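Let's take a friendly walk through this model, one neighbourhood at a time. Keep the sequence and the 3D view open as you read.

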Amino acid sequence: MVNQFQSQFDKQKSKSLELRTESIAIRRSRLKSLKNWILKNKDKIRSALHTDLRKSATDTDISEIFTVTTEINDALNHLHQWARPQHVSPGMTYLGTSAKVRPEPKGVCLIIAPWNFPFNLIGSPLVSCLAAGNTAILKPSEHTPATSKMIKEMVEDIFEPEVVTVAEGAVPETTALLELPFDHIFFTGSTNVGKIVMAAAAKNLSSVTLELGGKSPVIIDETANADDAARKIVWGRFTNNGQTCIAPDYIFINEKVKNKFIASAKKYVSQLFDSKGQGMANADDYSRLVHSNHARRLVDILEEATNFGAKIEFGGEYQVDNKFIEPTLLSNIDESNRIWQEEIFGPIMPLKVYDNIDQVIDHINQNEKPLSLYLFSTSRKMKKKITKATSAGSMAINDVVVQYAHPNLPFGGVNHSGIGKSHGRYGFLEFSNQKSVLSQRIGLTNALLFYPPFNGFKKWVVSFLIKWF
């Protein structure tokens, strides 16, 4: 059976060979065209995101548009530096040679985006892909159809289909795409689907970047500023209705600051998301869940927890058909419940009191490595202890989520929470092959010492090198 995307793939494969030798100026011109389209069509982007997720215009500007334009600006400012061959020292054993590492385009890339930040999470990797000189097929999520349609329109307005194109559809279309021998696949989504993508990529030995998820823990110790922690966590957890891969997922809190934290968190939910006092179900700044099936899953998790004795500290109201769940904080959690075991990905946050920080560290280390880990503390000793004793894709101290947008930090997970890094220079390198190039002189070279026959002098040289180099 002929793959429905084979023809498009073949065209991009041919074009990718041309792109290997094009100038950096041409790559920059594509990025500028992308930026100009975004700036001229902000209302279209806002409308699409409001249709799909009921995001406010300002929320879209911050979490969808700005994240892409800042990625473009970073690439435009630094692309010549990123793409420049890096000369490396020959060392004593390679005196007489010159060596460099030359980033080269990987070729034809597939970018599969999720529904939670459907413009950001297709736009940002596309910037890295184009900066590195590749072609791309984009697969937006079928769960955000308005945004998918808008992305297709954008791509058709800006790019030749041999350079960038959009493949719409659902699971069958994604499966067909994954059968093709892409040079690189960039996937953002769940760990379970990430395993499917990686297995498919393995058949063609395609390299992969997997931006996955998991449960990102928060630790609030007795030295923390509970009010400051509450404001930041409420924003990081409940923005985008909790549908954020690096959102704080569950909290370990010291008993001494628990009551203050809960009172402040309740206050900030209203201040941040219902500042007009409309009621959370009508608040303009509180977005929606992606579909009712996701809402039902979250309600099931919530009801299981309360049936096992969890206490609703605030929130708890829901309307499944309207894809609405009120920002909810739970305490007294039974660790056997799904809310403690599964990534929640919604506006519900469980909280547990801890007595011994070593038990918290053990819990984190005995589970899959998180995409992000958050610590609220003013103790230098605690900061050092948690940083060294745990592993995570990223860590933020006395804040949440903001590390994602830092222009000079790599973003990505560890094992189950992801493979590979993105953003800025790290994203450029992810879509590049680091080709080593060695230039040797003609005639007498150090390498001749390793040619047979092996006389006494050569044996002495080898022994000397083994000992000292």
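S56 is in contact with D284 and D285, leaving aside its neighbours within four places in sequence; contact here means heavy atoms within 4.5 Å. S56 sits in the loop between α3 (42-53) and α4. At 18% relative accessibility, S56 counts as buried, where buried means under 20% relative accessible area, exposed over 50%, and partly exposed in between (1.4 Å probe, protein chains only). Helices (H or I, at least four residues) and strands (E, at least two) are DSSP runs, numbered from the N terminus.

Before going on, a word on the source: this is a predicted model, in which local features need pLDDT of at least 70 and side-chain atom pairs count only at pLDDT 80 or more, while totals for chains, interfaces and linings use all residues. Residues are numbered from 1 along each chain as its sequence is written, and side-chain values use heavy atoms, with hydrogens and water left out.

**Helix packing**

Two packed helices are described by the angle between their axes and the distance between the axes. Axes are lines fitted to C-alpha atoms, for helices over the stretch in contact, and angles run from 0 to 180 degrees between N-to-C directions. Angles under 35 degrees count as roughly parallel, over 145 as roughly antiparallel, 65 to 115 as roughly perpendicular and the rest as oblique.

| Helix pair | Angle between axes | Axis distance |
|---|---|---|
| α2 and α4 | about 165° | 10 Å apart |
| α2 and α5 | roughly 160° | within 9 Å |
| α3 and α4 | roughly 105° | within 9 Å |

The α3 and α4 axes cross at roughly 105°, which makes α3 roughly perpendicular to α4. K42, I45, R46 and L49 of α3 make this contact with A57, T60, D61, E64 and I65 of α4. By class, the contact of α3 with α4 has four nonpolar, one polar and four charged residues. For these classes, Ala, Val, Leu, Ile, Met, Phe, Trp, Tyr, Cys and Pro count as nonpolar, Asp, Glu, Lys and Arg as charged, and the others, Gly among them, as polar.

How are α2 and α4 arranged, roughly parallel or roughly antiparallel? Helix α2 (residues 24-40) and helix α4 (residues 57-83) pack at an angle of about 165°, and that makes α2 roughly antiparallel to α4. The residues in contact include L31, L34 and I38 of α2 and I72, L76 and L79 of α4. This contact of α2 with α4 divides into 11 nonpolar, three polar and four charged residues.

Helix α5 (residues 120-131) is another partner of α2, with the axes crossing at roughly 160°. These two helices, α2 and α5, are therefore roughly antiparallel to each other. On the α2 side, R27, R30, L31 and L34 meet L126, V127, L130 and A131 in α5. The contact of α2 with α5 divides into six nonpolar, no polar and two charged residues.

**Nonpolar cores**

In soluble globular proteins, nonpolar side chains tend to be buried together. A nonpolar core is a set of buried Ala, Val, Leu, Ile, Met, Phe, Trp, Tyr and Cys residues joined through side-chain atoms within 4.5 Å. The largest such core here has 82 residues, and I38, L138, I220, I233 and F261 have the most contacts inside it. Helix α4 gives the most to this core, with eight residues. Apart from it lies another core, of 28 residues, among them V320, I333, I339 and I348.

Turning to L138, its contacts include I111, I122, L126 and V166, leaving aside neighbours within four places in sequence.

V360, placed in helix α13 (residues 357-366), is buried, with a relative accessible area of 1%. Leaving aside its neighbours within four places in sequence, V360 is in contact with I219, F252 and Y354.

**Backbone spots to look at**

Most residues other than glycine have a negative phi, and most peptide bonds are trans. F345 has a positive phi, near 60°, and is placed in the loop between α12 (338-341) and β14 (348-354). At 15% relative accessibility, F345 counts as buried. N415 also has a positive phi, near 55°, and lies in the loop between β16 (394-397) and β17 (418-419). With 49% relative accessibility, N415 counts as partly exposed.

Which form does the peptide bond from P452 to P453 take, cis or trans? The bond is cis, with omega near 5°. P453 is found in the loop between β18 (432-439) and α16 (456-468).
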